[in-house]
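User: I have a model open and would like to talk it through with you. Could we take it step by step?

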Amino acid sequence: MSDEIRKDGVTPDEEGAVEAGAQDGSPVEQELPDREDVLPKDHETYTPQGGGSGTGSGPIKEVAAAEGSPVLVPKADSDAVTLPQVGPEVATAEALGLTVEDGAAGTDGPPDGVPERPEVSSFRLLMTLGVAGVVAGALLVFVFLWSDPLVKAEEARVIREAVTEVLKGPERFESVYVLDGELTTQVPAGVDTLDLDKVYLGYDESGNSMGFAMVHARFGFQDLITVIFGYDPEARQVLGMKVLDHSETPGLGNKIEEMPFVGEFDGVDTPLEGVKPDRNTGASNQVDMITGVTISSRAVVRTINERIEQLGDLLVAYEIQPATVSGGPASESGGGEDR
Amino acid sequence: MRATTPQQDFIRGIWNENPVLIQLLGLCPALAVTNTIYNSLAMSAATLFVLVGSSLFISTLKKVIPHEVRISTYILIIATFVTIVDMVFKALEPGLYREIGAFIPLIVVNCMILGRQEAFASKRPVGRALLDALGVAAGFTIAMVMMGTVREVVGSGTILQGIPFVVGGDGINLFGSNYEPWVVMISPPGGFFALGFILLFLGWWETRKAQKREIRHWPHSVRVPTDGKEAA
Amino acid sequence: MDKSMGDLFLILVGSMLVTNFTLFYFLGLCPFMGVSAKVGTALRMGMANIFVMTITSLVASFLNQFVLPHAPFLQVISFIVVIASLVQIVEMTIKKFSPTLFRELGIFLPLITTNCAILGLATWQTGLGYSYVDGLFYALGAGFGVTLALVLMASIREKMELSDVPAVARNMGLVLIIAGTLSLAFQGFSGLFTS
């Protein structure tokens with residue numbers, strides 16, 4: 001069985017070894033027959049797999065040598081060291097150059113006896129790559145055109161759900177962009193809306209503003225925590241919070257996405273202050289941290305505070321248009337019941 | 001080249017040359033996304049698609065691809081398939097994509113895929129290449145599911161968590177609510193531990209087998225006294 | 001994105017310790033298992049990694065700026081092709097200008113092409129929205145982190161060579177368990193940024 005493994009698996013790195021020997025001048029090829037005699041040294045064992053310039057042509061030939069199976073070495077290690085009865089036959093085969101033929105025959109000018117290969121014109125090489133590239137590109141465009149609308153729809157759905165949750169059920173909402181230091185729904189032509197920072201403004205049935213929903217992310221315990229929260233700039237209150245994405249410890253850190261922590265953010269004055277539950281003095285801006293998850297909880301609080309700091313003034317200054325004027329592109333407007 | 005039967009081409013990838021357990025290739029996904037069985041299966045499916053697709057393509061086109069640029073072409077083909085899988089996943093399974101999406105592009109550099117193309121698909125007829133790809137993918141899946149099972153059962157106390165139609169996505173709770181899950185197993189160190197223990201177990205198992213029988217070529221095996229019964 | 005020096009430093013330390021590419025994201029494991037038996041080799045592999053990572057990061061930022069807005073689905077292909085070409089070019093350049101350096105590093109450079117860590121770095125840097133300066137620090141941190149993990153692993157394995165390991169365990173299983181312990185240790189870096 002190991003014969004198969006060696007021969008099939010070792011194939012690519014054979015060429016690597018051959019090439020390496022040819023190019024680097026380092027005694028790489030001899031590694032293979034020696035393997036079962038000597039405990040392979042680290043760099044020596046690694047060389048056959050990846051040494052030299054690989055097997056094919058062009059920039060990717062290293063990949064072959066590298067891909068060959070750089071990690072076959074550990075297995076080969078134990079093989080070589082502990083099953084001496086395997087060693088000799090394989091080593092002989094290798095020494096005779098049999099395995100070289102076993103693998104992909106030939107490389108660029110391999111020194112061993114390898115079947116001669118007719119010269120292939122550069123034109124043919126380029127054509128192959130070119131055609132492959134074009135076909136690949138076409139295929140990808142096709143799949144992209146199919147998948148992109150689905151992806152965008154999903155993203156829109158997630159945002160819609162989140163905004164609805166943190167603003168406590170607005171009738172609809174629209175995107176308001178941050179442009180040149182102020183908020184506006186009018187984006188001049190030529191400016192990609194994806195490049196702009198934005199907030200979501202929710203309206204209730206009578207067209208009154210229900211507050212802004214904003215997204216922000218900061219480092220938590222493990223990685224970034226992305227949070228969306230509702231904010232009323234007049235009353236300077238946080239209306240609700242939802243964790244969109246996090247990598248916190250399962251079972252512990254992920255409590256930040258559950259009640260009761262999420263509920264702590266309903267109607268809290270800003271700036272928020274996170275306190276341990278037993279130190280809560282009842283002040284209107286205090287939020288209870290989760291016991292044992294201080295860092296993640298605190299990160300959420302800080303995220304919200306930071307975002308409010310960034311945009312608070314802009315939000316207060318923004319004049320909310322009357323309900324009859326609906327801004328923003330149709331795909332951005334909320335209205336959950338229509339979908 | 002040594003002639004192999006179709007069955008051999010298929011079985012080889014499952015056990016003898018299992019990419020994860022024997023050859024230790026494809027470790028990145030094996031450790032990263034095996035925190036639940038569902039994620040393992042999803043990643044295995046993605047890898048299967050890429051492996052089978054690219055093997056078929058490359059085996060069909062092997063005569064057309066000039067030798068000098070073959071690696072570049074293989075990479076191009078593999079990368080195309082990976083991108084397709086990535087887009088399809090993102091569109092069809094957004095929830096799953098959030099969990100394992102970061103690691104799907106890394107299928108491109110999964111050593112075992114390019115290794116198979118180089119060693120096998122580029123030299124064999126399409127049918128054999130297909131069998132080989134299926135075998136390796138099956139072996140990969142088995143290894144991934146093994147790891148996923150260990151990690152999920154010990155690390156969350158559930159099985160099949162995340163599959164939408166099984167208990168609404170929470171999975172079957174195996175140990176009841178008193179079980180304090182070993183969270184370390186679904187964290188990064190758990191990946192290392194799970195695979196490490198599986199490999200140790202394999203090594204032990206092979207040692208036992210080798211002790212009982214004639215000489216066998218076990219990849220994980222260690223030096224075992226053979227009582228001079230050397231069989232070639 | 002305007003970031004202060006402090007923020008950049010945080011990015012670097014973050015990707016080096018808190019989300020160590022090898023011990024947290026499981027990238028770069030092929031060389032990790034194979035190369036890490038000797039400290040010297042491990043160090044050299046790590047250096048090569050840092051080198052390639054920083055260059056990749058810059059190139060990835062460049063690609064992100066010009067190619068991806070128009071064709072996001074070409075991300076994987078363009079990254080991998082660029083990385084492979086880059087490594088080839090880098091290798092040839094080093095070989096030409098500093099044969100000694102080449103002899104030290106050269107063997108490892110081709111391996112790095114298929115090192116998950118490089119492609120992972122490029123892809124995730126894009127996902128995080130880092131570009132140029134941020135990305136550079138991210139890559140430096142990642143590179144240092146990988147080197148750190150490699151060197152730690154190598155020193156432990158060197159010691160292990162001399163220990164009395166039971167025959168049954170003398171395989172990759174033990175290496176992985178040691179890696180797991182290292183990973184566990186690095187978990188302690190979580191929460192480093194309570195800024």
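User: Let me start with one residue. Is K168(A) buried, partly exposed or exposed?

Analyst: This is a predicted model, and in it K168(A) has a relative accessibility of 46%, so K168(A) counts as partly exposed.

User: Which residue does the side chain of K168(A) meet in a salt bridge?

Analyst: The partner is D266(A), with N and O 3.1 Å apart. The pair links distant parts of the chain, 98 residues apart. K168(A) lies in the loop between helix 8 and strand 1 (172-179) of chain A, while D266(A) lies in the loop between strand 6 (237-245) and strand 7 (268-269) of that chain.

User: And is D266(A) buried or partly exposed?

Analyst: D266(A) has a relative accessible area of 38%, so D266(A) is partly exposed.

User: How many salt bridges are there over all chains?

Analyst: The count comes to seven. One of them joins the side chains of R157(A) and E154(A), at 2.9 Å from N to O.

User: Why can side chains pair like that?

Analyst: Side chains of opposite charge can pair when their charged atoms come close.

User: Where do R157(A) and E154(A) sit relative to each other?

Analyst: Both are in helix 8 (residues 122-166) of chain A. They are three residues apart there, so about one helical turn separates them. R157(A) is partly exposed, because its relative accessibility is 32%. E154(A), in contrast, is buried, with a relative accessible area of 16%.

User: What about R172(A), which residue does it form a salt bridge with?

Analyst: R172(A) pairs with E174(A), and their closest N and O atoms are 3.9 Å apart. R172(A) counts as buried at 19% relative accessibility, since the cut-off for buried is under 20%. E174(A) is buried as well, with a relative accessible area of 2%.

User: Which residues are joined into one network by salt bridges that share partners?

Analyst: The network consists of E154(A), R157(A) and E161(A).

User: Let us step back to chain A as a whole. How many helices and strands does it have?

Analyst: Chain A has nine helices and nine strands. Of its 339 residues, 51% are buried. If one takes the contacts in chain A between residues at least 6 apart in sequence, 59% of them join residues at least 24 apart.

User: What is the mean pLDDT of chain A?

Analyst: The mean is 63, and 58% of the residues of chain A reach 70 or more. Over residues 1-114 of chain A, pLDDT stays under 50. The model has 252 contacts beyond four places in sequence for that stretch. Residues 323-339 of chain A also stay under 50, and there the model has 27 such contacts.

User: What should I keep in mind where pLDDT is low?

Analyst: In such places the predicted coordinates should not be read in detail.

User: Changing topic: how many residues of chain B and chain C are in contact?

Analyst: On the chain B side there are 35 residues, in contact with 37 residues of chain C. The two chains bury about 3,100 Å² between them, and 85% of that is on carbon and sulfur atoms.

User: Which helices supply the side of chain B that touches chain C?

Analyst: Helix 2 (27-32), helix 4 (70-92) and helix 8 (188-212) of chain B each supply at least two residues. Helix 8 of chain B gives the most, with twelve residues. By class, this side of chain B has 28 nonpolar, seven polar and no charged residues.

User: How many salt bridges cross the interface of chain B and chain C?

Analyst: The rule finds zero salt bridges there. For polar contact between chain B and chain C, the count is one residue pair, with both residues at pLDDT 80 or more.

User: Now P105(B). Where is it found?

Analyst: P105(B) is in the loop between helix 5 (94-100) and helix 6 (111-121) of chain B. Its relative accessible area is 6%, so P105(B) is buried.

User: Which residues is P105(B) in contact with, leaving aside neighbours within four places in sequence?

Analyst: They are V82(B) and D86(B) in chain B, together with V76(C), L119(C) and T123(C) in chain C. P105(B) and V82(B) are 23 residues apart in sequence, and their C-alpha atoms are 6.3 Å apart.

User: Last one: is A84(C) buried or exposed?

Analyst: A84(C) counts as buried, because its relative accessibility is 0%. A84(C) belongs to helix 4 (residues 75-97) of chain C.

Terms used: Residues are numbered from 1 along each chain as its sequence is written. Chains are lettered from A and ligands numbered from 1 in the order in which they are written. Side-chain values use heavy atoms; hydrogens and water are left out. Contact means heavy atoms within 4.5 Å. Buried area is the accessible area (1.4 Å probe) that two parts lose on being put together, summed over both. A salt bridge is a side-chain nitrogen of Lys or Arg within 4 Å of a carboxyl oxygen of Asp or Glu. A polar contact is a pair of N or O atoms within 3.5 Å; within protein, one must be able to donate a hydrogen and the other to accept it, and residues adjacent in sequence count only if both atoms are side-chain atoms. Helices (H or I, at least four residues) and strands (E, at least two) are DSSP runs, numbered from the N terminus. Ala, Val, Leu, Ile, Met, Phe, Trp, Tyr, Cys and Pro count as nonpolar, Asp, Glu, Lys and Arg as charged, and the others, Gly among them, as polar. pLDDT is the predictor's confidence in each residue, from 0 to 100. Buried means under 20% relative accessible area, exposed over 50%, partly exposed in between (1.4 Å probe, protein chains only).
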